[in-house]
Amino acid sequence: MLLTLRNLLFYTVYWLSLPVFSFTGLLLWPVTSYRWRSGFVTLWNRLVVWWLKITCGATYEIRGRENLPSGPSVVLSNHQSAWETLALQYLFSPASTVLKRELLNIPVFGWGLRAMEPIAIDRSNPREALKAVKEQGQARLASGNHVLIFPEGTRKAPGELGSFARSGADIACAAGVPIVPVAHNAGTVWPTRQWKKRPGHVVLSIGPSLQTEGNNSKQVTEQARQWIEQELHRIAG
């Protein structure tokens with residue numbers, strides 16, 4: 001019962017604060033730069049992560065902050081929940097996230113997403129989706145953004161790691177930017193397909209940059225996956 005009440009308190013602030021940031025972001029869109037707008041919208045991300053800690057006991061730590069790149073990069077992370085999406089968007093700000101196009105059509109929530117200049121793809125058309133990721137990804141990197149990709153394509157339960165698509169590495173190799181691998185266990189506090197959040201401790205680990213010069217996308221994708229898999233074992237252990 002206590003956990004249910006804590007979750008209700010979490011969602012109250014979550015849903016009340018969302019339209020405030022989304023509407024304000026839309027109103028400021030024509031008169032502000034993308035970097036300023038990105039910084040403002042990700043204040044909501046910080047609020048949600050902090051409020052989840054306060055209400056539901058979902059504490060967290062960030063390891064490897066010294067590995068945050070100074071310039072644009074492609075960030076490859078395992079995917080377990082929405083928690084890491086929120087956290088990575090402000091840790092690597094400004095970041096353009098590769099996501100399903102349908103998310104942009106969600107009232108209020110989708111408006112805030114649009115302000116972040118995501119790379120929205122149609123997953124029903126894999127060929128066009130891959131083309132959009134490559135073209136828009138390189139354009140975002142050229143403008144100074146990081147590109148955030150979850151190469152598993154869908155969320156996995158804690159302890160599972162899916163196969164990695166090579167699209168993120170393709171972009172990095174073509175643009176000549178590094179890949180930054182990220183591992184975490186956020187699904188332990190924000191379970192996929194469940195509304196109830198749980199107390200626990202999230203560890204998000206940022207790995208050393210993987211250089212793409214002299215490597216092909218298959219090689220660096222495998223390097224990233226191996227690092228993430230090993231780091232997940234360390235976090236679990």
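**Notebook: helices and burial in a predicted model**

I began with Arg37, which I find to be buried, since its relative accessible area is 4% and the cut-off for buried is under 20%. I keep in mind throughout that this is a predicted model. I placed Arg37 in helix H2, and then listed what Arg37 touches once residues up to four places away in sequence are set aside: Gly25, Trp29, Thr32, Ala115 and Glu117.

**Helix H2**

I next checked the length of H2, which covers residues 34-56. At 1.5 Å a residue, its 23 residues should span 33 Å, and I found its end C-alpha atoms 33 Å apart, which agrees.

**Helix H3**

How many of the residues of H3 are buried? I went through residues 83-91 and noted that 9 of the 9 are buried, so that I record the helix as mostly covered.

**Helix H7**

I then turned to Ile235, which lies in helix H7, residues 217-236. Buried or exposed? Ile235 has 14% relative accessibility and therefore counts as buried, the limit being under 20%. Leaving out residues up to four places away in sequence, I noted that Ile235 touches Arg63, Ala183, His184, Asn185, Val203 and Ser205. I also took the separation of Ile235 from Trp190, which is 45 residues in sequence and 16 Å in space, C-alpha to C-alpha.

**The chain as a whole**

For the overall fold I counted 7 helices and 7 strands, and from the N terminus on I read the order of the elements as α-α-β-β-α-β-α-β-α-β-α-β-β-α. The radius of gyration of the chain is 17 Å, close to the 18 Å that the globule rule gives for 237 residues, so I record the chain as being as compact as a globular protein of that length. Along its principal axes, I noted that the C-alpha trace spans about 55 × 50 × 35 Å.

I looked up burial for the chain too, and buried residues make up 51% of the 237. Of the contacts with a separation of 6 or more, 74% come from residues 24 or more positions apart. The chain exposes about 11400 Å², of which carbon and sulfur atoms supply 56%. Last, I compared the charges: the mean positions of the 25 positive and 15 negative ones are 7 Å apart.

Definitions and conventions:
Residues numbered from 1 in each chain as written. Predicted model: local features only at pLDDT ≥ 70, side-chain atom pairs only at ≥ 80, totals over all residues. Heavy atoms only, no water. Helix = DSSP H or I, 4+ residues; strand = E, 2+ residues; numbered from the N terminus. Expected span 1.5 Å × (residues − 1). Rg over C-alpha atoms; globule rule 2.2 N^0.38 Å. Buried < 20%, exposed > 50% of the residue type's maximum accessible area, 1.4 Å probe, protein only. Contact = heavy atoms within 4.5 Å. Areas by Shrake-Rupley, 256 points an atom, 1.4 Å probe, with all protein chains shown as cover. Lys, Arg positive; Asp, Glu negative; His and termini not counted. Charge placed at Lys NZ, Arg CZ, Asp CG, Glu CD.
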